[in-house]
Amino acid sequence: MAEQTSYQRILVPIDGSVQAELALKKAVAVAQANHAHIDLLNVLRINHYGFYASGSMPGDVIHELTQDATSYLKSLVQTTSAATGFKDLDYHVRFGNPKTVIAHEFVRDHQNDLIMLGATGLSAVARMVEGSVTAYVSRMAQVDVFVVRTTLTGEPVDMQQVATENQEQPKL
């Protein structure tokens, strides 16, 4: 009989998309079954928020972006805990390239043994220009990666409906 893998530290990257929140819901089920911890992570790529004459973003804008991301993650932790009773969640905000932060840096720093993320994130334009974060992470991470492609009931995600819902989500 094959040995079953038990995950202890699950990373769920959160970008404000419906798919990321679905990945969190599925991660809670995995965490409950494994008595695991969940780290929620939002990666702010500050060089994507506009061009400034100095080549950098003013500190007050960076502070506001960080506060917005922190508030959003905090509310996700609260609503998730209230809905599921699962409380072993921490949230983190990092700066940098989401691909490398998720696939390499954060996992190394927090000893995550599983990454659960949505099949796609918010920006179709960014995926066209830079390539998908999900594709990169699933290819390059040194730990198991679970890409969420179905709803909680196992139905395929309706991408047209998700695109509409993503327009209404907070922009992180």
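**Exercise 1. State the accessible surface of the chain and the share that belongs to carbon and sulfur atoms.**

Solution. 
- Step 1: This is a predicted model. The accessible surface of its chain comes to about 9,700 Å².
- Step 2: Carbon and sulfur atoms account for 54% of that surface.
- Step 3: Now turn to the interior. Of the 172 residues in the chain, 41% are buried.

**Exercise 2. List the helices and strands in order along the chain.**

Solution. 
- Step 1: Count the elements. There are six helices and five strands.
- Step 2: Read along the sequence. The pattern is β-α-β-α-β-α-β-α-α-β-α.
- Step 3: Look at the contacts between residues at least 6 apart in sequence. Of these, 76% join residues at least 24 apart.

**Exercise 3. Work out the strand order of the sheet and find its edges.**

Solution. 
- Step 1: The five strands form an open sheet in the order β3-β2-β1-β4-β5. Their pairing is parallel.
- Step 2: The edges are β3 (89–95) and β5 (144–148). Each has a single partner strand, so one side of each is left without a neighbour in the sheet.
- Step 3: From one strand to the next, the twist averages 25°.
- Step 4: Check one pair. Strand β2 (residues 37–44) is joined to β3 by seven bridges. In this pair, L41 stands opposite H92 in β3.
- Step 5: Helix α2 (residues 59–84) lies across β2 and β3 and runs at about 160° to β3.

**Exercise 4. Describe the largest nonpolar core and say which elements build it.**

Solution. 
- Step 1: Nonpolar side chains tend to be buried together in soluble globular proteins.
- Step 2: The largest nonpolar core here has 24 residues. I10, V12, I14, L24, I38 and L40 touch the most other members.
- Step 3: The elements giving two or more residues are β1 (9–13), α1 (18–34), β2, α2 and β4. Helix α1 gives the largest share, seven residues.
- Step 4: Zoom in on I14. Among the residues it touches are A20, L24, L40, Y72 and L76.
- Step 5: Another core, of 15 residues, lies apart from the largest one. Its members include L41, V101, I115 and V147.

**Exercise 5. Decide whether N112 is buried or exposed, then find its polar partner.**

Solution. 
- Step 1: Locate N112. It lies in the loop between α3 (98–110) and β4 (114–118).
- Step 2: The side chains of N112 and D39 are joined by a polar contact of 3.1 Å.
- Step 3: Other residues that N112 touches include R9, I10, L11, F106 and V143.

Technical notes:
Residues are numbered from 1 along each chain as its sequence is written. This is a predicted model: local features need pLDDT of at least 70, side-chain atom pairs count only at pLDDT 80 or more; totals for chains, interfaces and linings use all residues. Side-chain values use heavy atoms; hydrogens and water are left out. Helices (H or I, at least four residues) and strands (E, at least two) are DSSP runs, numbered from the N terminus. Buried means under 20% relative accessible area, exposed over 50%, partly exposed in between (1.4 Å probe, protein chains only). Contact means heavy atoms within 4.5 Å. Accessible areas come from the Shrake-Rupley method with a 1.4 Å probe; for residues, only the protein chains shown count as cover. A polar contact is a pair of N or O atoms within 3.5 Å; within protein, one must be able to donate a hydrogen and the other to accept it, and residues adjacent in sequence count only if both atoms are side-chain atoms. Two strands pair if DSSP finds at least two bridges between them. Axes are lines fitted to C-alpha atoms, for helices over the stretch in contact, and angles run from 0 to 180 degrees between N-to-C directions. A nonpolar core is a set of buried Ala, Val, Leu, Ile, Met, Phe, Trp, Tyr and Cys residues joined through side-chain atoms within 4.5 Å. Lists of a residue's contacts leave out its neighbours within four places in sequence.
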